[in-house]
Amino acid sequence: MAQNRSAQNQPALPPLPAVSAQGHQARHLLGVPSDVVVDEIEVLAMSRFVGTRWDVVPADLPGADVPVGRMANPGEPGVLRLSRHSSVSGPYAPSGKGVDAGLPGGTEMVFDVVCPRERWDDATRFGGDRDGIGRAFPAALPNREEERVVTWLVQAARRLGGSVRLDVAGTWDDADGGRRSAGPGVVLTPDPGRAVDLTVYSDIWLDPQAAHRVLQAVHPRVVLATEGRPYQGPPAGIADRPLYPGEPMDPEVRKAIHARADDIDIDALQAPMVLDAYGLASDLGLDGAITVEVVGDETLPLLVRELPWAASGAVCYHVRWDPPDLYEANQEFPQAAHVVARRRAADLVGKMAVAIHAAVGGEIADDADFLLAPEDL
């Protein structure tokens, strides 16, 4: 993340416009507190959208890390392009002439987000609603581009300690050039404590025993989870049984196929063992468990894949919390016992990620692929 700069002595923000989205578009608002600066929004956008660029650079942004267009005129907001069809405008003041952002107290800056209005045909949904997005879209959930933008907004608000006002689309206003005026929307204030899982990306591979020593210094109950059960071969008589009742295969052909499969299994078992992934686990009792999965991967967060050492992939140390109650873990407002267990587990997950990072270097990312500095943990 970019370094925070003081918000004091900054010029007054332009007022929030009453309308910004056209009829085929959705309008969402992102509100953040005073300690957030504009280039943090830029970095979070770069973390998710390949086409991020400034069409209009805010006047108080000293330098941009993405392609830029023209500089904003005095009193003009910036325009950050997420994709061909989606953009973020701002920052604005939380209110304007005849319009209020409707965001919680403490909101000092508002970003106006416009994207295609794309929804599923019905309200069918499965599982919980841990982020409240289902509550914000009771008729039909966002789809395609709008789903990507809404998911990013909720995750960005969680990271920045802010809020989002989703689906701010009111009445159609032909007098205003065919734009939608601001409607009520639904306000979500994501809980920062929900982001527990972390991943360390590095170009250094720790052997299982080395990783075990690193993590045991953090939590003595960490164990290697690499032991399996010895292979006992196929079940007796399987080559004589049909695959399903009435299977027409010739019995001799079936036996030949099974014999060939046995030969392949034996060759594989006799070949040198190549360890390309392993895991460690720590039992937390009533608080669930923490697992650390170590594996090589070529699918990396956008900001990591641009680093020279990650051009061909990286070693990924996934540090994840397995909660004791999956139902509560997927509720927007879980019970207090779950929140307490999550807080304790998050502290340990952070310590484990920092210990791994101290041993292998690289980058740390949260479960939204936003990068974190070790000192932030």
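This is a predicted model: local features need pLDDT of at least 70, side-chain atom pairs count only at pLDDT 80 or more; totals for chains, interfaces and linings use all residues.
## Rings, strands and charges

Let's start with the rings of phenylalanine 49 and tryptophan 152. Their centres are 5.7 Å apart and their planes meet at 75 degrees, so this pair is edge-to-face. The cut-off behind that label is an angle over 60 degrees.

Now find where these two sit. Phenylalanine 49 is in the loop between helix 1 (38–46) and strand 3 (53–57), while tryptophan 152 belongs to helix 3 (residues 144–160). They are 103 residues apart, and the pair links distant parts of the chain. The limit to remember here is 20%, since buried means anything under that.

The other pair joins tryptophan 205 and tyrosine 278, again edge-to-face, with 5.5 Å from centre to centre and 85 degrees between the planes. Tryptophan 205 lies in the loop between strand 14 (198–202) and helix 4 (208–216), and tyrosine 278 is in strand 16 (residues 277–283), so this pair ties together parts that are 73 residues apart in sequence. Tyrosine 278 is buried, at 5% relative accessible area. Tryptophan 205, at 29%, is partly exposed.

Next, move to strand 6 (residues 87–92). How many of its six residues are buried? The answer is six of six, and the strand is described as mostly covered. Who are its neighbours? Strand 5 (residues 78–81) pairs with strand 6 in the antiparallel sense, over four bridges. The two form a hairpin with five residues between them. To see one of these contacts, pick arginine 81: its bridge partner in strand 6 is serine 87. Strand 6 also pairs with strand 9 (residues 109–116), antiparallel and over four bridges. Serine 87 turns up here as well, with valine 114 as its bridge partner in strand 9.

Finally, look for charges. A search of the whole structure finds 16 salt bridges; here are a few of them. Aspartate 55 forms one with arginine 53, and their closest N and O atoms are 3.2 Å apart. Aspartate 55 counts as partly exposed at 24% relative accessibility, and arginine 53 is partly exposed at 35%.

Arginine 70 and glutamate 76 form another salt bridge, with 2.6 Å between the closest N and O atoms. Arginine 70 is partly exposed, with a relative accessible area of 41%, and glutamate 76 is partly exposed with 24%.

Then there is arginine 117, which forms a salt bridge with aspartate 167, the closest N and O atoms being 3.1 Å apart. Why does this pair tie together parts that are 50 residues apart in sequence? Because arginine 117 lies in the loop between strand 9 and helix 2 (133–136), whereas aspartate 167 lies in the loop between strand 10 (163–166) and strand 11 (172–173). Arginine 117 is partly exposed, at 32% relative accessibility, but aspartate 167 is buried, with a relative accessible area of 18%.

Note on methods:
Residues are numbered from 1 along each chain as its sequence is written. Side-chain values use heavy atoms; hydrogens and water are left out. Rings of Phe, Tyr and Trp (its six-membered ring) pair if their centres lie within 6.5 Å; planes under 30 degrees apart count as stacked, over 60 as edge-to-face and the rest as tilted. Buried means under 20% relative accessible area, exposed over 50%, partly exposed in between (1.4 Å probe, protein chains only). Two strands pair if DSSP finds at least two bridges between them. A salt bridge is a side-chain nitrogen of Lys or Arg within 4 Å of a carboxyl oxygen of Asp or Glu.
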